[in-house]
Amino acid sequence: MILNVDPLNLFPLNVILSGDGFDGLLWYQCANWAQNLNHGGAIGSTRIIDGNTVFPRVSLSQSQSGGSDYIKIFGYHSGSVDWSSFNIVLTQDASLSFARATMALAVGSALDDISTKPNDSAFSSSVGPVTCDLGDSFALWIRRTLTGGTDHGQYVNTVIQLQSV
């Protein structure tokens with residue numbers, strides 16, 4: 001049963017991060033992870049692992065009104081083999097299972113925050129080419145856009161993959 005009370009969390013828009021073929025790829029939260037005006041900054045110490053939800057759950061008021069929000073994550077190269085340049089691609093957008101939700105990507109910088117994130121025109125379904133040396137990291141912004149409405153989704157997944165160029 002779903003109660004019609006705000007701020008009830010209605011559904012997660014989960015982001016599945018994949019790096020098959022990219023030895024040693026680890027995903028991390030940004031240092032300022034809270035969803036506020038300070039979100040972003042340098043790479044944080046908290047790993048994003050399978051089963052972690054990247055975006056917070058959507059409340060009833062967010063679902064009804066719609067809008068966009070942003071999350072900054074980092075890919076870290078902890079492997080022992082050089083990667084060639086790669087693209088970062090949305091291989092499954094949330095809209096495939098829930099038409100009101102879409103995702104888009106943009107490459108960020110090591111220290112940008114919500115006020116200095118890439119412009120909306122820089123976000124798309126594929127970004128790159130990107131390079132990342134051994135022991136280095138790359139910043140990735142993810143934009144979640146939800147069109148307002150009353151229907152609800154459950155376990156809406158988005159898959160983001162690294163693909164060799």
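Guide: Before we start, a word on burial: a residue is buried under 20% relative accessible area, exposed over 50%, and partly exposed in between, using a 1.4 Å probe and protein chains only. This is a predicted model, where local features need pLDDT of at least 70, side-chain atom pairs count only at pLDDT 80 or more, and totals for chains, interfaces and linings use all residues. Residues are numbered from 1 along each chain as its sequence is written, and side-chain values use heavy atoms, with hydrogens and water left out.

Visitor: Good. Is Arg 143 buried or exposed?

Guide: Arg 143 counts as buried because its relative accessibility is 17%. Arg 143 sits in strand E10, residues 137-147; strands are DSSP runs of E, at least two residues long, numbered from the N terminus.

Visitor: And what does Arg 143 touch?

Guide: Leaving out residues up to four places away in sequence, its contacts include Phe 55, Tyr 70, Met 103 and Phe 123. Contact here means heavy atoms within 4.5 Å. Asp 120 is also among them, and the side chains of Asp 120 and Arg 143 form a salt bridge at 3.5 Å, N to O. That term means a side-chain nitrogen of Lys or Arg within 4 Å of a carboxyl oxygen of Asp or Glu.

Visitor: What about Arg 100 and Asp 151?

Guide: Their side chains meet in a salt bridge too, at 2.7 Å, N to O. Arg 100 is buried, with a relative accessible area of 10%, whereas Asp 151 is partly exposed at 40%.

Visitor: Switching topic: what is the strand order in the open sheet?

Guide: The five strands run E4-E3-E6-E10-E8, with antiparallel pairing; two strands pair if DSSP finds at least two bridges between them. The edges are strand E4 (40-48) and strand E8 (101-107), each pairing on one side only.

Visitor: How many bridges join E3 to E4?

Guide: Four, with strand E3 spanning residues 25-32. Tyr 28 stands opposite Arg 47 in E4.
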